[in-house]
Amino acid sequence: MARKSGVEPGTPAMPVVRTLIIDNYDSYTMNLYQYCCNPYSDEKSASEPLNETVVIFNDQLSWESLCDILPYFQQVVISPGPGRPDREEDFGVCEKLLQEGRIPVLGVCLGHQGIAAAHGGKVVHAPKPVHGRLSPVVHAGSGLFAEIPSPVNVVRYHSLIVSERDLPSDFQVTAWTLLPDGNRIVMGLEHVSKPLWGVQFHPESICTDHGRKFIRNLFDMTVLYWNQHDPNRLKASAPLPSHISNLTSIPSPLVDPAPRVHASSQYRIRVHRISGLWVQPQVAFDGLFGSKEDVSRFWLDSAKVEKKRSRFSFMGSGDGPRSFSVRFSNKSRTLSLRHPQRRASEETIELPNNQTFFQWLAQKLESYGLDCLHSPEQRRVDAVECKNGKVIGSLDKLPFIFLGGMVGYFGYEMKSESFPSAQQFDASSQSNDVHKSFQHLSAEDAPDAAFVFADRMVVFDHEEGTVYVTSMVESSPESDMLWLSETEAFLRQLSLQQNGVSKCKSVPDSTQILRIAHPRETYIDNISQSLEKIRDGETYEVCLTTRISTEFERLKPSAPYEFYKILRRRNPAPYGAFIDFGPPLERKETKGRLVLASSSPERFLRVDEEGWVSMKPIKGTVARAIKRSDNAAGGEALEIDVEEDERRRKQLGENEKDRSENLMIVDLIRNDLNAITERDTVAVPELMVVESYATVHQLVSTIRGRLRVGLTHVDAVMRSFPPGSMTGAPKRRTVEILEQLEGVPRGPYSGVLGFLSLTGACDMSVIIRTAVFSEDGKVSIGAGGAIITLSDPSAEYDEMLLKANSVLPRFDA
């Protein structure tokens, strides 16, 4: 179908239109970027060229430097963002551009307000903040709104508005939404003589109707403007000079993709599927690793098996010939490594300020030469089926993506490394320090990141009822082959002896009662302050948390594992995990050891071997309707009140507050993925679906896209970290607000844990519903919830306790 546009008759097909996006440190800017890269993609027209788009931060260039590059672009988009347009720290160079620039500009949300403010208009508080909610917008059907139905449903994220009463006479209102009292709020405006257009709503939101059409209309109006004022500006030319294209804040790879080491790699991965064998994972862990308390060990546990989510469990220990463990402190910038098989088993490495731990980890994994992301022909895996130690057949394809690599976590304070800043993309900057201006650089009682390198593993396929053993092998694999056959024999012996899982031993009582970092009064006051920040336009959503902890005089090395067995029985989850990082590195006298025991229901990010990235945020939680009764054996039985449970499930799915929270995080994650994926591959196959677990129902969405060639799984984790479901939006400003409110570091809680495979795949969960055991004898869990305009402080506090109780039962405060 031929496209209609504002282009005059006789004008050639749409030329390349270069767009400069000025990012006001928002969490939705990259959604605008993808629309601007190819605004006509939904028309499936092969004749439409892609459009060059560069993204810079609002404080990245001076006004003079910006003037130098503007002639290379045909239009500018000013992004949404936190704060006010009349504050330079919030709006940067944008005000000067709007006052003195001579180029078509679209302002979105904060950018829209800035267009009015830069010409004498007033920005005031809205009658009430609206975030993550749909509104019908009425318009005249021209300009940005050409060929768009009126009214059109759009998503709004704002607390401030342009005052129509104080709008300068050289502006006209192009769109509005009506209030119940008959008054209206300006949703669109344009200058009567300059190419300045603004929209208060977010055309890039997943739930805004005709979102890409708004951007398409912008391109058409830009072409029309230049045809009327300077047709030469539209003529095709050479690509942007590198000194301009390199300004973009689109992330570059952590590892140089050019030098590949696959051909010379001495390593391969050997996989044995054990024919006719099944062992309960807990029985296997008890037998294989339960007594290995002098080394690190892990169990990534699909305790709650669900189709398409949690099919496999992985377990292993840190005593393999190539295994090591690493702990990282962001404050000291040091890595502490332990190699159990070496005589000098411990070493410390200090990272330079221009290197991140994420980069170190990516380079370490790359060095093994087993990465086959986007390149399946380079896969160096030998998979066979075995029985009684003998090979009986070969396997063409494996159903799981973890084939050895790093197992561990990135704690929340790793945000200091993951957030981008203008300095990183400013060639004139003298500072390469990866630290950002955050109050909390390191956790108090745990490493900021910790991993175990797993060179040998046991894998359980719960769907097929099969067991695999895997090992890295070298050119002389005799010892590895011996381990594979001995492990198979031991598992067969266990399968003959298993009589159900072992009973859980009790965990010693704490010497003090459980302590909450923010008691009810303080927590509710933090909610009130969060709501005030939302009203002032500083944030759309604040994911407020607290910490509940206790302390033991001394914990036996076995106590955390006994706790985990109780946890997985009480609250089985698809992303359960037990990771024991072993004795303290310095063999010092301690009260405990570093262990994470998790029953997380929330996937953070998964990258498969074809490069598809998927994320699965949870926003919205309600307790299931569980009835307690006595059973025939004299114990307590739990059963679901089906009718009440269904009522709660339906109510959660329709709850406006929960849907608003979920939508905000979906749009935020789309933003994160759009920065690292191929153009037009980001999609939302599941939007706000209710999923049920042992004790709660939760509102879940799924977002996916294909990782850009040249980036690794570590790039994907870093550029999406910390999880948006644990911060709020805009992410960076909200994290700064959270540091002020919470006053303490979060530690591992709110970070992510899982595996980074040697092959380039990964699967990480959000660290929630997780007990953190530290070496000083403390055990802590974090819990919290998203605060938005519709939040009720008392209900938010109760929801936080509900989440805490899923890990530490019987807690009351």
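I began with the largest cavity, and I found about 400 Å³ of space in it. I am reading a predicted model here, so I keep that in mind throughout.

Which residues lie nearest the centre of the largest cavity? I looked them up and noted Asp26, Pro420, Asn671, Asp672 and Arg719, out of 20 lining residues. Next I checked which elements give two or more residues to this lining, and I wrote down strand S2 (53-57), helix H15 (656-674) and helix H17 (731-742). Then I sorted the lining of the largest cavity by class: 10 residues are nonpolar, 4 are polar and 6 are charged.

I moved on to the second largest cavity, which holds about 210 Å³ of space. I listed 25 residues along its lining, and the closest to the centre are Lys619, Met726, Arg769, Gly784 and Lys803.

Which element supplies the largest share of the lining of the second largest cavity? My answer is S37, with 6 residues. Strand S37 (778-787) is one of the elements that supply at least two residues each, and I noted strand S23 (541-551), strand S28 (618-623) and helix H18 (793-805) beside it. By class, I have 11 nonpolar, 8 polar and 6 charged residues in the lining of the second largest cavity.

Last, I asked how many cavities of 30 Å³ or more there are. The count comes to 10.

Key
Residues numbered from 1 in each chain as written. Predicted model: local features only at pLDDT ≥ 70, side-chain atom pairs only at ≥ 80, totals over all residues. Heavy atoms only, no water. 1 Å grid on protein atoms, 1.4 Å probe; cavity = no way out; pocket = protein on both sides within 12 Å on 5 of 7 lines; lining within 4 Å. Points joined across faces, edges and corners; volume = space filled by probe spheres on them. Helix = DSSP H or I, 4+ residues; strand = E, 2+ residues; numbered from the N terminus. Nonpolar A, V, L, I, M, F, W, Y, C, P; charged D, E, K, R; others polar.
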